[in-house]
Amino acid sequence: MEISHENYQIYYDEATATITCQGSFRLRGGPEYQPILDLLMQAANAKPETLTLDVSALEFLNSSGINTLSKFILQVRNHNASTIIIKGNNQYRWQEKSLINFQKLLPTLQLEVQ
Amino acid sequence: MVESGWAMTQRFGNFIARRAGSGEYLKIGFSPNSIPLQQRWRNNGLSADFLADYLSTFFPGKDPDSAERQAEIKDAVSYLANELLENAMKFSYALPQHTVSIEMFLEADVISLYVTNNLDPSTLAGFQAYIQRLLTEDPGALYMERLERNAAENSEEASGLGFLTMLNNYGATLAWEFTDFGESGDGVTVTTMAQLTV
């Protein structure tokens, strides 16, 4: 599964159960984020033992994007079947401010920030 | 009857009037009705990044400590300006002559952003009630509550997270000024102030 746009990309690798997000997520509200949410939900609903969300190349995330990723985290929490690992990069400062809140939604979530 | 030139002002939070003429400032204006919102949307990010890049001149990153500070400031201004502009574009009310503006002031260690747009008068009461909650309740708790509720309802409405992330993730101070110009002018405008101490 893959969504590729001039300013952002997201893809899910089933073999490694890894979702990779890149570029800048500055889309306009829920309807524009729907395809991204669908991809995230498909990964969550596959219920792999470990699910990796790699945002280390995600430069920007607006509040609608935070909302979208939160829905994914909460879906995984509801299934109670997968452990989430989020891979981040401190080079992008929003990550240390925002990712910690995902851990508050799901305390078993592991943050690996370079 | 409302006299011409009459305007009623109402403030929420610690709204500090703009002080042009002292320190550095920048102002960008948009005419939201000139091109469709879909095409205009990318300007939010471009403008926010421009403001953040521009500001970094005043916080040179020569050594590791100041480079760290510069990166923090750039990220914060880019995030706050983008959210404020997204809100303004989403909620401004279609009047032909209406403009949306963003202003940035730099004074010593305080960065202030002011975004002005008009809004649909029928949304005013709900918006002001929400502002009261933002100003009186714990933003951390409100933020988590909102994330849970948005996921549970799965509605396509606005996420309501913009102001909460500014307060919670960036420690910004928010305040609002509403001005009612009456039916002859721009209707009701709101200026949102977001201030960062750096």
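Colleague: What area is buried between chain B and chain A?
Modeller: About 2500 Å². Carbon and sulfur atoms give 49% of that area. Keep in mind that this is a predicted model.

Colleague: Okay. How many residues does each chain put into the contact?
Modeller: Chain B brings 30 residues and chain A brings 26 residues.

Colleague: How many salt bridges cross that interface?
Modeller: The rule finds five between chain B and chain A. Over all chains, the count is ten. As background, side chains of opposite charge can pair when their charged atoms come close.

Colleague: And polar contacts across the interface, how many residue pairs?
Modeller: Twelve residue pairs, with both partners at pLDDT 80 or more.

Colleague: Which helices of chain B touch chain A?
Modeller: On chain B, α1 (37–55), α2 (64–91), α4 (139–153) and α5 (162–168) each supply at least two residues to the side that touches chain A. The most comes from α2(B), with nine residues.

Colleague: How do the residues on that side of chain B divide into nonpolar, polar and charged?
Modeller: Ten are nonpolar, twelve are polar and eight are charged.

Colleague: Let's get specific. What does A:R26 form a salt bridge with?
Modeller: With B:D49, where the closest N and O atoms are 2.8 Å apart.

Colleague: Why does that pair join two chains?
Modeller: Because B:D49 sits in helix α1 of chain B, while A:R26 is in the loop between β3 (18–25) and α1 of chain A.

Colleague: Is A:R26 buried or exposed?
Modeller: A:R26 counts as buried, because its relative accessibility is 17% and the cut-off for buried is under 20%.

Colleague: What about A:R93, which network of salt bridges is it linked in?
Modeller: The network links A:R93, A:K97, B:E68 and B:E72. Within it, B:E68 and A:R93 meet at 3.1 Å, N to O. That pair crosses between chains, from helix α2 of chain B to the loop between β5 (83–88) and α3 (94–105) of chain A. For B:E72 and A:R93, the closest N and O atoms are 3.4 Å apart. B:E72 also lies in helix α2 of chain B, so its pairing with A:R93 joins two chains too.

Colleague: Are those residues buried or exposed?
Modeller: A:R93 is buried, with a relative accessible area of 13%. B:E68 is partly exposed at 39%, and B:E72 is partly exposed at 26%.

Colleague: Switching topic: how many residues of strand β6 of chain B are buried?
Modeller: Nine of the ten residues in β6(B), which covers 188–197, are buried.

Colleague: Which strands does β6(B) pair with?
Modeller: Strand β4 (residues 110–119) of chain B pairs with β6(B) in the antiparallel sense over ten bridges. Strand β5 (residues 173–180) of chain B is also antiparallel to β6(B), over eight bridges. For instance, B:V110 has B:T197 as its bridge partner, and B:T173 stands opposite B:Q195.

Colleague: What joins the side chains of B:Q195 and B:S112?
Modeller: A polar contact of 3.0 Å. B:Q195 counts as buried, at 14% relative accessibility. Beyond its neighbours within four places in sequence, its contacts include B:I16, B:V110 and B:A172.

Colleague: Last one: where does A:L37 lie?
Modeller: In helix α1 (residues 29–45) of chain A. A:L37 counts as buried, with 6% relative accessibility. Leaving aside neighbours within four places in sequence, A:L37 is in contact with A:T68, A:K71 and B:N154.

Key
Residues are numbered from 1 along each chain as its sequence is written. Chains are lettered from A and ligands numbered from 1 in the order in which they are written. This is a predicted model: local features need pLDDT of at least 70, side-chain atom pairs count only at pLDDT 80 or more; totals for chains, interfaces and linings use all residues. Side-chain values use heavy atoms; hydrogens and water are left out. Contact means heavy atoms within 4.5 Å. Buried area is the accessible area (1.4 Å probe) that two parts lose on being put together, summed over both. A salt bridge is a side-chain nitrogen of Lys or Arg within 4 Å of a carboxyl oxygen of Asp or Glu. A polar contact is a pair of N or O atoms within 3.5 Å; within protein, one must be able to donate a hydrogen and the other to accept it, and residues adjacent in sequence count only if both atoms are side-chain atoms. Helices (H or I, at least four residues) and strands (E, at least two) are DSSP runs, numbered from the N terminus. Ala, Val, Leu, Ile, Met, Phe, Trp, Tyr, Cys and Pro count as nonpolar, Asp, Glu, Lys and Arg as charged, and the others, Gly among them, as polar. Buried means under 20% relative accessible area, exposed over 50%, partly exposed in between (1.4 Å probe, protein chains only). Two strands pair if DSSP finds at least two bridges between them.
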